[in-house]
Amino acid sequence: MLLIDSRRYSGINWGKQLCVLIFLSLSFPVYANHQNIKLLKLDWSSQQVMTHVLHLLFASQHVNSEIVVTPAKGQWFYLNSGRADIQVEVWEGTMSKNLNTLLTKGQWEIAATHEIMSREGWWYPTFAESLCPGLPSWEALARCKGVFTNEDGIDTYYSGPWEKPEHARIRALELPFKITQLADGYEINHELVKAMEEQRPVLIFNWYPNWVWEAYDGKFVEFPKYDTECEIDKKWGVNPKFPWDCDNPQQGWLKSVISSTVKANSPCGYAITKSFVMTADDLNYASYLVDVTKLSVEDAARVWVDKNHTRIEGWTGHSECKNTKKIKP
Ligand code: TMO
C-alpha cells in the first residue's frame with residue numbers, strides 16, 4: 001500500500017532505483033573486503049576486550065581493521081558470508097560443532113590455540129553444598145527442590161544465549177528446573193553478583209577463564225563425562241531415550257579463527273593474529289577490567305595493552321610487518 005502510494009505521488013522510477021540499490025548492495029561488500037580486516041565482537045566481556053586489543057595491535061602496524069558486532073549466535077553467518085574475518089575466542093564447550101563446519105569450507109583456518117583449558121557449564125556457589133548434599137554431582141540436583149530458586153520460588157537454572165541445548169540436557173537428565181535464559185555476559189554477571197550479594201544459592205551458566213573464579217568460591221556441576229556420541233546417539237548414557245545426557249567438555253580448547261582473505265591480503269595482520277596466543281590470566285584480567293572495574297571495553301583494551309607492554313614486540317615485531325610504516329609514539 002505504502003509503496004503504491006509513494007510511487008503515485010513522488011513520480012520516482014522504482015525500477016531504476018531498485019537496480020541501483022541491488023548493484024550497490026552486491027558490489028560494495030566485495031570492495032570493502034579488501035580494505036579492512038573485520039574483527040568479530042560478540043557478547044561476553046573477555047572476547048570483546050581481546051577483539052579491541054587486536055584492533056589496537058593492528059593499528060600500531062598500520063593494518064586497517066574494523067569491528068563488527070553480533071551476538072555469538074550470529075557469528076557463523078558473519079564468518080561464513082565473509083562479513084567477518086577473525087574471531088579471537090572460539091570455545092570448545094559451546095562452539096566446536098559450528099567451528100568444524102566452518103573449517104570444512106576451506107576458506108578458514110585456526111590462527112592460534114590459546115594456552116588455556118576452557119570450560120563452560122553450570123556454576124553454583126560452594127556454600128550451597130550444605131543445602132544440597134551430593135554436589136557437585138548432577139544427581140544431587142534432583143533431590144534439591146527449593147534450593148536454587150528464583151524470586152518467585154521456582155527452581156531455576158539461569159542459562160546464557162550460547163549454543164548448547166540446555167533444554168535437551170534438562171530433559172535427558174530429568175532435572176526439575178525451569179530455564180531462565182539471559183541475553184548476554186553482562187546479564188549473567190549481573191544475576192550472579194546479585195545472588196552473591198544476597199547470599200542466595202544460584203545455579204547459573206558460567207565459564208573458565210572468567211573473573212568470577214577470583215571473586216567467589218564456586219564450582220561447576222559435574223554431569224556425566226562429555227562424549228561426542230552423547231550428542232547424537234540416544235542410547236548413549238544414563239537415559240536411553242534422549243541424547244544430551246552429558247556435560248560439556250571439562251578440559252576444552254580455546255582457539256582463534258581467521259579467514260584466508262587476511263592471509264592473502266595482509267601478511268602482517270595474519271602474522272599478528274597467529275602470534276596472539278592468550279593465557280587464562282590474560283582473559284581473567286580482560287573480563288575483570290570490564291565486569292568488576294566497570295571500564296568501557298575500549299578503555300579496558302587500552303589498560304590491558306599497557307599492562308602487557310613488554311609482550312607487544314612479540315605480537316607485532318614480525319618480518320611481515322617491517323614494510324609498513326610505524327605509527328610514531
Ligand atoms: C561463550 N562463553 C565463553 C560465554 O561461554
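1. Helices (H or I, at least four residues) and strands (E, at least two) are taken here as DSSP runs, numbered from the N terminus. Strand β10, which covers residues 254-259, contains L254. With a relative accessibility of 0%, L254 counts as buried, a term that stands for under 20% relative accessible area, with exposed set at over 50% and partly exposed in between (1.4 Å probe, protein chains only).

2. On the basis of the values, please keep in mind that this is a predicted model, in which local features need pLDDT of at least 70 and side-chain atom pairs count only at pLDDT 80 or more, whereas totals for chains, interfaces and linings use all residues. Residues are numbered from 1 along each chain as its sequence is written, and side-chain values use heavy atoms, with hydrogens and water left out.

3. The surroundings of L254 can be listed. Leaving aside residues up to four places away in sequence, L254 touches E89, V90, W91, A112, T113, H114, I116, S118 and L283, where contact means heavy atoms within 4.5 Å.

4. For the chain overall, the secondary structure comes to 14 helices and ten strands, and buried residues make up 49% of the 329 residues. Among contacts with a separation of 6 or more, 70% join residues 24 or more positions apart.

5. Helix α3 (residues 45-60) packs on helix α12 (residues 280-291) at an angle of about 105°, and their axes are 8 Å apart; axes are lines fitted to C-alpha atoms over the stretch in contact, and angles run from 0 to 180 degrees between N-to-C directions. The two helices, α3 and α12, are therefore roughly perpendicular, since angles of 65 to 115 degrees count as such.

6. Which residues line the largest cavity? They are W44, W91, T94, M95, E120, W162, F205 and W207, a lining residue being one with an atom within 4 Å of a cavity point, and a cavity being a set of points on a 1 Å grid over the protein atoms alone where a 1.4 Å probe fits but cannot get out. The space in this cavity is about 50 Å³, as filled by probe spheres set on the points. Helix α5 (92-104) and strand β8 (204-208) each supply at least two lining residues.

Key:
Angles under 35 degrees count as roughly parallel, over 145 as roughly antiparallel, 65 to 115 as roughly perpendicular and the rest as oblique. On a 1 Å grid over the protein atoms alone, a cavity is a set of points where a 1.4 Å probe fits but cannot get out, and a pocket is an open set with protein on both sides within 12 Å along at least five of seven lines; lining residues have an atom within 4 Å of a point.
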